[in-house]
Structure formats: C-alpha cells, structure tokens
Amino acid sequence: MTPLIILFVAGMVEAWMHRRRFAVNHPSHDLDEPFYKTCQEPAVNQPRENAALVMLTRNSELATALKSIHSVEKHFNRWFHYPFVFLNDEPWSEEFILAMNSSVSGGARFEVIPKEEWTFPSWMDTSDARASIERQGKAGILYAGLETYHHMCRFFSGKFYTLEALKPYKWYWRIEPDVDFYCSITYDPFVEMAKHKKIYGYTMALWEERATCPSLFRKIADWKEINKIRDTELWKATIAPSWVPWPIRSMLAWFRHHDRYGNGWSLCHYWSNFEIADLDWFRGKAYQDLFEYLDKSGGFYYERWGDAPVHSLALALLAQPEKVHHFEDMGYRHDYFYQCPANAPGGQLLESKALGAGKHSPAQEGGVGCRCECDGANRSNYPSFCLQNLKQPNTAKDPGLFAWIRSYHA
C-alpha cells in the first residue's frame, strides 16, 4: 500500500470519527408526543396560565390582522379567552382599536414600542449602518433593504422579552397578521406547556436564507466556546459536520456558516412567526448575555440576522431537547407554507355542543388533528428535512436513509 493510499484512508477514518462525534443520540422512547391526539371537550373552567397572545402589527395592516384574529378566535380563543397584546412602533389609530376590541374575546391592550427599543444601538454609526442596508437591498437579499425589518429582527431577538408591556406575563403566543389556523385547538397549550415543562413550541422548521446571516453561526459558536458550553443533542442536530479531514478541515472556517473548526450549520431553524414560549427563559441571564454579545457585533444591521435563527441556535445551545415541543396537531399557514395534520379517527367529538357543527376533512389513520379543515392527505408543502433533522433528539428511531432522501423534497 503506497503512502498516498495510507494517507487517504487515514484521512477518511479521521473524518468519519469526526462526524461520529456529532451523531445525535436517539432516546429510548419518543420525548415529544402531541399533548392530545383527538379533540377534547374544552376545559373552560380550569385555571389559566399567566399568558397572552401577542401581535406586532401596524394600523395599515388592519385587514390582515383581523383575518388572523378571527382565525385564532374561531379555532381556539372562543373557549379560553386569553388577552391580546398588540404592539406597534407607531401610535394606534382609533379605527384599529375599535376593530380589535370588537373581535377579541379576552380583552386587548394596545402598546407602542418605546423608540429606544426600535432603532439602531446607541453605539452604532447609523449612516454606516444605513449604507450597509442599502447595499444589502441592492444585492437582492430578502427584506434586507428595509431598515424597519432590521429593527424588527433585532427587537424580536432580544428587546421583545424585556418589554415593559410584557412584564406581567410568563407565556406568549406569537400571532402574525395574515395567517390561518386550520384545526380546532380544544386544549390550553399554555397549561400543557407548563405541565410538561416545555419552554418553546413551534409548528414548522425551514432552511434559513443563506445570504441573510453569513456570520451568525460563527458568532454564536464563538460565544459557545468563550463560555465553555458543551454540545447538546439539539446542537448536534443543528451542525452539518464536515467530511473534510483534519488539518484541511480547519480551512473551512474561512467560509460562511462555519465555526472555527470548519464545521458547518445546516441552516435549519424553527419558523418563529408561530411560537409559544416561556418568556422567563428568554429573559434569563444566559439568553440575554448571548443577545447582547450578538447585538454588539452589529450583525442585525450589517447583515440581516433574523430572530428565527437566533432563537433556534440559542435553544440548541442552552436547552435540552425535551424542553422543545412540535405542535404537529395544529394546522397553520403563514405566507406560502403550511402544516396540515390529518384528523384523528374516532376522535372528532361530533356530538359536542361546545365544539358545535362545522365542516372538516375526513379522518385518516394516524391522524392527530381536531376538526382540521385543510386536506390532511397533504400535510405540508415544504421539504421536511429541517423538521426531521431538528426532531432527531426527541425521536427514538432514526427514520432511515430513504426517509432522509425524501425529506429534501416537498
């Protein structure tokens, strides 16, 4: 055997062993089942959690905001009557306030975000930052040419959690304008999150747009090293370990979306336009220290870092897998993408007076939905790779090679 062949084989063995280090350890049993797999009689008299539904919107979005409110009230809040907190960076119009007060069943508060929470950091050269935003827009990076979008991403990444208006609450459910809910949510997700000791819930997981955040993963990985944080199973699920052997692998650190060891990020993240989460976790020292570290780097403006990858990478760093919940029983659409569970056979409570009458899709074997109106035969319209990937640490069995291949396609 020639020296070159020996070197090649040794390199491949080293690369294989390196990748094995990031292999996700599957638990002995599934750690994140749906809270319920059939319709429930809404427990309208049970104690509520200290929670609010929160929407960031503007007066000009009245029609799309009302669409979302009507959908969530119809499918959930008509039974549970949680309050809404509406956030705006501008004063509210009387028309918006009247329309929302007549549409919500649990009361509403209308808050204006303080100017200092919706602007550039005090230390930043705003002319330089605006020039960068203009360049990003000309480069065609998604939403990156909009100054207010950068403010929003920074706000939802950190300042949102310490907002005075949200201090009375422990839990929040983020609702966006122009979304649809397709299934009846007949249990209280806040109560179930608290009971099962969850801190974060989501519906969909997607790839991030590569051009929006070229240095974000490196910054977070560096913070992880500085604070000597050990790899969690969620972090391993997030990593795309390199097949390149050492020492060549370290050269990959010069590329975007890589840490200083040359390992990449899969770009997978929880889509944060829907999230039900524990405010206290995000208010905690670890998360807030991470946010401040990121904020001081300027990436929310010199790049277009989104709050979804920031939340997702922070959870991967700081949370155990069983603390994160996939609401696979909730039908939901935002923009083009949707999740549509099939209805559970024999579990639709057709005689329930509380649920009432109404059309819904036929039940299917293996369904977990409650009176879902969407077609459960088409459960999503986006590739399932990221969802499958990020659920690995909570899933007892690896889905297998063919499932991974299929997951790259919608």
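Which backbone oxygen lies 3.2 Å from a polar atom of the side chain of His75? Keep that in mind while we set up the view.

This is a predicted model, in which local features need pLDDT of at least 70 and side-chain atom pairs count only at pLDDT 80 or more, while totals for chains, interfaces and linings use all residues. Residues are numbered from 1 along each chain as its sequence is written, and side-chain values use heavy atoms, with hydrogens and water left out.

**Stop 1: His75**

Select His75, which is found in helix α2 (residues 62-80). Helices (H or I, at least four residues) and strands (E, at least two) are DSSP runs, numbered from the N terminus. Now for the opening question: the oxygen belongs to the backbone of Phe181. Leaving aside neighbours within four places in sequence, His75 is in contact (heavy atoms within 4.5 Å) with Phe181, Tyr182, Cys183, Ser184, Ile185 and Glu373. His75 is buried, with a relative accessible area of 4%. Here buried means under 20% relative accessible area, exposed means over 50%, and partly exposed is in between, using a 1.4 Å probe and protein chains only.

**Stop 2: Asn77**

Stay in helix α2 and select Asn77. Its side chain makes a polar contact with the side chain of Glu73, at 2.9 Å. A polar contact is a pair of N or O atoms within 3.5 Å; within protein, one must be able to donate a hydrogen and the other to accept it, and residues adjacent in sequence count only if both atoms are side-chain atoms. Asn77 is buried, at 0% relative accessibility. Beyond the neighbours within four places in sequence, the residues in contact with Asn77 are Leu53, Val72, Tyr82, Phe84, Ser105 and Gly106.

**Stop 3: strands β2 and β3**

Next, select residues 84-88, strand β2, together with residues 108-112, strand β3. The two run parallel and are joined by 5 bridges; strands pair if DSSP finds at least two bridges between them. Pick out Phe86 and you will find it opposite Phe110 in β3. To get from β2 to β3, follow the chain through helix α3 (residues 94-101), a right-handed β-α-β crossover. Right-handed here says that, with the strands pointing away from the viewer, the path from the first strand over the helix to the second runs clockwise.

**Stop 4: the disulfides**

Now colour the cysteines. How many disulfides does the model hold? The count comes to 4, taking a disulfide as a pair of cysteine sulfur atoms within 2.5 Å.

Select Cys39 and Cys370, whose disulfide has an S to S distance of 2.0 Å. Cys39 lies in the loop between α1 (3-21) and β1 (51-56) and Cys370 in the loop between β14 (337-339) and α13 (385-390), so the pair ties together parts that are 331 residues apart in sequence. The torsion about this S-S bond is about 105 degrees, so the disulfide is right-handed. Cys39 is buried at 4% relative accessible area, and Cys370 is buried at 4% too.

Move on to Cys183 and Cys372, also joined by a disulfide, with S to S 2.0 Å. Because Cys183 sits in the loop between β5 (179-181) and α6 (189-195) and Cys372 in the loop between β14 and α13, this pair ties together parts that are 189 residues apart in sequence.

Another disulfide joins Cys340 to Cys374, with S to S 2.1 Å. Both Cys340 and Cys374 are in the loop between β14 and α13, 34 residues apart. Its torsion is about 100 degrees, so this disulfide is right-handed.

**Stop 5: Cys153 and Cys213**

Cys153 is buried at 1% relative accessibility, and Cys213 is buried at 0%.

**Stop 6: Glu303**

Finish at Glu303, in the loop between α11 (299-302) and α12 (307-318). Glu303 is buried, at 17% relative accessibility. Its contacts beyond four places in sequence include Cys213 from the previous stop, along with Gln136, His150 and Thr212.
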